[in-house]
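Hi,

Here is the structure I promised to pass on.

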Amino acid sequence: MSEEKTRRLIIHEYKAYIMASSPPFKSGTGNDFMEKTKYRYLATSDQEKGLRQPPLELPPLPEKPYIDLPPPERIEIPPMDLRAAIELRHSVRSYAKAPLYLPELSFLLWCTQGVKKVVGTYATFRTVPSAGARHAIETYLLVNNVEGLRPGLYRYLAMSHRLQLVSDEPDLHIRIADACLGQQFLMRAGVVFLWTAVAYRMTWRYGERGYRELHKDAGHVCQNLYLAAEATGCGTCAVAAYDDDSMNALLGIDGTSQFLIYLAAVGKREPVPERRE
Ligand SMILES: Cc1cc2nc3c(=O)[nH]c(=O)nc-3n(C[C@H](O)[C@H](O)[C@H](O)COP(=O)(O)O)c2cc1C
């Protein structure tokens, strides 16, 4: 058989294989989203129209005190081989009673959203990649068991590496576990990272296609948490099963311009590693 014929046969067989292994095409919201966010449907973006870009971070909460976090460069974390961290990583849903220490939490925040460089009012460069360096994620924390922090809901201000207490209602951990379809391990985690997306920070540049990028960005953030948790003797479990409206209401965000996109629980693993300052 000629080379050309062999090539055509391979392509033909490959197409037949793909068709046989895919269910018949069904229209639905997911397909519509993928279709309508193709470049050919996109309107001129606000950036292209010359509109001013939104701020790099949401403003701090008025009248809420700041909590300085230990500076990332001063935190001593035992060195860990990257390959070992990747091999050891798995989802951990059962945690030791020991608290996380503030330097460890500070390290995890820095690994997931830490700002390495600010370019004027235009962009930040962080420890995670982001489409167009838009960095549209804002982190909230449900603190259950962190030494030196009272339990409650906090916001992380990445630009200044500080926290602000949003709410210390006593039953927040129960309401959050309920809103996550009853996933009880969230109540026993030392801390739950709650990542929200500020949509316009991304759509200003990419229009409707920006929604795709928000979800990809969130994946990078969570993967860094999984790996960084290994280095601090912690375990992590990503969570995507939650009731959107209930969770957005608990965080005090509108669910449209800003919405919860992903969360992950973190807690100390058994056996608890020796404390390092
Ligand atoms: C996008 C995403 C959503 C997830 N949502 C949940 C969840 O809601 N609850 C849960 O217990 N685990 C959740 N997980 C964890 C997965 O169940 C876990 O990654 C998978 O079973 C593979 O196990 P491993 O992480 O230990 O390799 C999620 C993981 C990902 C990546």
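**What I found**

Val192 touches Leu141, Leu142, Ile176, Leu186, Leu263 and Ala265, leaving aside residues up to four places away in sequence. Contact here means that the C-beta atoms of two residues, placed from the backbone, lie within 7 Å.

Before you go further, two notes on the source. Residues are numbered from 1 along each chain as its sequence is written. The model is predicted, so to speak of local features pLDDT has to be at least 70, side-chain atom pairs count only at pLDDT 80 or more, and totals for chains, interfaces and linings use all residues.

**The overall picture**

The protein has nine helices and nine strands. These are DSSP runs numbered from the N terminus, with helices being H or I of at least four residues and strands E of at least two. Along its principal axes, the C-alpha trace spans about 70 × 50 × 35 Å. Of the 277 residues, 35% count as buried. Buried means that 20 or more other C-beta atoms lie within 10 Å of the residue's own, exposed means 12 or fewer, and partly exposed is in between, with C-beta atoms placed from the backbone. Take the contacts between residues at least 6 apart in sequence: 76% of them join residues at least 24 apart.

**The core**

Val192 is also among the residues with the most contacts inside the largest nonpolar core, which has 65 residues. Others in that group include Leu141, Phe193 and Val266. The largest share of this core, nine residues, comes from helix α8 (residues 210–231). A nonpolar core is a set of buried Ala, Val, Leu, Ile, Met, Phe, Trp, Tyr and Cys residues joined through C-beta atoms within 7 Å.

**Helix α5**

Ile176, one of the residues that Val192 touches, is a buried residue of helix α5 (residues 172–179), along with Leu172, His173, Ala177 and Ala179. Seen down the axis of α5, the buried residues fall within an arc of 165 degrees (taken from the directions from the helix axis to the C-beta atoms), so they line one face of the helix. They pack against β4 (137–143), β5 (152–157), β6 (162–167), α6 (185–188), β7 (191–198) and α9 (244–251). Just after α5, Leu181 takes a positive phi of about 55 degrees.

β5 and β6 pair in the antiparallel sense over five bridges; pairing requires DSSP to find at least two bridges between two strands. Leu153 has Ser167 in β6 as its bridge partner. The two strands form a hairpin with four residues between them. On β6 there is also strand β1 (residues 66–68), joined to β6 antiparallel by three bridges, and Asp68 has Arg162 as its bridge partner there.

His161, in the loop between β5 and β6, has a positive phi of about 50 degrees although it is not a glycine. With 18 C-beta neighbours inside 10 Å, His161 counts as partly exposed. His135 sits in the loop between β3 (123–126) and β4, and its phi is also positive, near 40 degrees. His135 counts as buried, with 24 C-beta neighbours inside 10 Å.

**Around the ligand**

Which residues are around the ligand? They are His90, Ser91, Arg93, Gln183, Cys237, Ala238, Val239, Ala240 and Ala241, each with its C-beta atom, placed from the backbone, within 6 Å of it.

Cheers
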